[in-house]
Each structure stands twice: as C-alpha cells, then as structure tokens.
Amino acid sequence: MRRSSVETRAHVLEVAHELFYWQGIRGVGVDKIAATAGVASTTLYRLFASKDDLVAAYVQRANGLYKNWFDNVTADDGRSPQERILALFDAQTEQIQPENCRGCPFLMALAELPDPDHPAHQHAVETKAWVRTRIGQLIKEAGATKPDVLADQLVLVFEGAYASVQALGAEGPASRARRLAELLLAAAR
C-alpha cells in the first residue's frame, strides 16, 4: 500500500507514539520505529531529520490528542463547571487503567529529556501549563473564591494521579483523586 508523505508521517508518528509510550523514549531506537512502521530508515529520516525531531513530533502529537480529550470531557454542554471538573476526574480514572496507561507521557518525556531546551521537553511543559490554565478557567467559571489556589490544588490532585499510577497502580492513591476533587470543590463554595 502506497501512502503519501503526509500519511506516512502520520503512520510513523502513530507507531512512534505506541513504542515511545510503552517502551520509553530512550529505550526505542529509530531503526525499531522504522521496522515496526514498515518504512525504510531513509524514509523516516526524510520525514524527521533526527530522533530528537521525531521525539518532539511525538510529544507534540500527544499534546494535541490530550487537549482534544480534555476539551471533549469538559465541554460546556449544559453541565455546571463543577460537574465538568468532576467529569474530568472520572475520565482520568478510566484513562489510567493498566490496559490503557503506563503513566503520563508528558511526565515521562520530562523525566527522560531533562534539558529544558529540548523541543520535546518544551512541548511537555506547555501541555502541563495548558492543563493548569484550563482547570483555572473552569474554576473561575464556577465562581470559586480564591480560584487560583483552588485551581492549583486541583492540578496537584490531577497530576498526582498520573504521577502515582505507574508505581502504585490505578487502585492506589489515584483511585482517590475524584473524591479529593469533590472535597476541594465543596470547601471552596
């Protein structure tokens, strides 16, 4: 099957996403991605100048997918801001189940790529900042007193679920994230 360069790029990124996410950025070489994607290494290097470029594109792709997921879950569809925030925690609970989740791809990218000048690191930081901003917007819509404080508290709970799931599982502390969000929202009223 012949693909256009755009389709090939998308296919390679999908394969890279699976491999980088489940086996680690440092644990997967470009040759493995090319072989798994069924493309020649030269084709991969025509699409991405280096592994760093591929990794940056992977994190950027993950960023877009994550933002779409987040926006769909918290869409203004008649639910109150509080209901939309709690829906985010419900969706996260589904997302972090072992068959779906090894951990947060952005936290993993930050851990594997600590150089703040690396484009993938920057994309991961941007994603985390975006989440903080979006939760802050929902809190402001809810009319909470001290919205910045509550937003930061909810971000800590939300991010803490992602951070703990890899080592302690979905039934560990992450299973209590939604209840803690409920308590924080109730205390802010």
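This is a predicted model: local features need pLDDT of at least 70, side-chain atom pairs count only at pLDDT 80 or more; totals for chains, interfaces and linings use all residues.

Trainee: What percentage of the contacts in the chain with a separation of 6 or more comes from residues 24 or more positions apart?

Mentor: Residues 24 or more positions apart account for 67% of those contacts, where a contact means heavy atoms within 4.5 Å. Residues are numbered from 1 along each chain as its sequence is written, and side-chain values use heavy atoms, with hydrogens and water left out.

The chain has nine helices and zero strands; these are DSSP runs numbered from the N terminus (helices: H or I, at least four residues; strands: E, at least two). Of its 189 residues, 45% count as buried (buried is under 20% relative accessible area, exposed over 50%, partly exposed in between, with a 1.4 Å probe and protein chains only).

The largest pocket holds about 370 Å³ of space. Its lining has 18 residues, and H17, Y21, Y66, Q95 and P105 are the closest to its centre. Two or more lining residues come from each of α1 (5-23), α4 (51-73) and α6 (105-112). By class, the pocket lining has eleven nonpolar, four polar and three charged residues. Here Ala, Val, Leu, Ile, Met, Phe, Trp, Tyr, Cys and Pro are nonpolar, Asp, Glu, Lys and Arg are charged, and the others, Gly among them, are polar.

There is also one cavity of 30 Å³ or more, and about 30 Å³ of space lies in the largest cavity. Both terms come from a 1 Å grid over the protein atoms alone: in a cavity a 1.4 Å probe fits but cannot get out, whereas a pocket is an open set of points with protein on both sides within 12 Å along at least five of seven lines, and lining residues have an atom within 4 Å of a point. Grid points are joined across faces, edges and corners, and a volume is the space filled by probe spheres set on them. Among the residues lining the largest cavity are F20, Y21, Y58 and P105. Helix α6 gives the most to that lining, with four residues.

Two packed helices are described by the angle between their axes and the distance between the axes. For α1 and α4 the angle is about 90° and the axes are 9 Å apart; such axes are lines fitted to C-alpha atoms, for helices over the stretch in contact, with angles from 0 to 180 degrees between N-to-C directions. That makes α1 roughly perpendicular to α4 (under 35 degrees is roughly parallel, over 145 roughly antiparallel, 65 to 115 roughly perpendicular, the rest oblique). Where they meet, α1 brings residues including H17, F20 and Y21, and α4 brings residues including K51, Y58 and L65. This contact has eleven nonpolar, one polar and four charged residues.

One last stop is K51, in helix α4. K51 counts as partly exposed, at 23% relative accessibility. Leaving out residues up to four places away in sequence, K51 touches F20, I25, R26, V28, G29 and V30.
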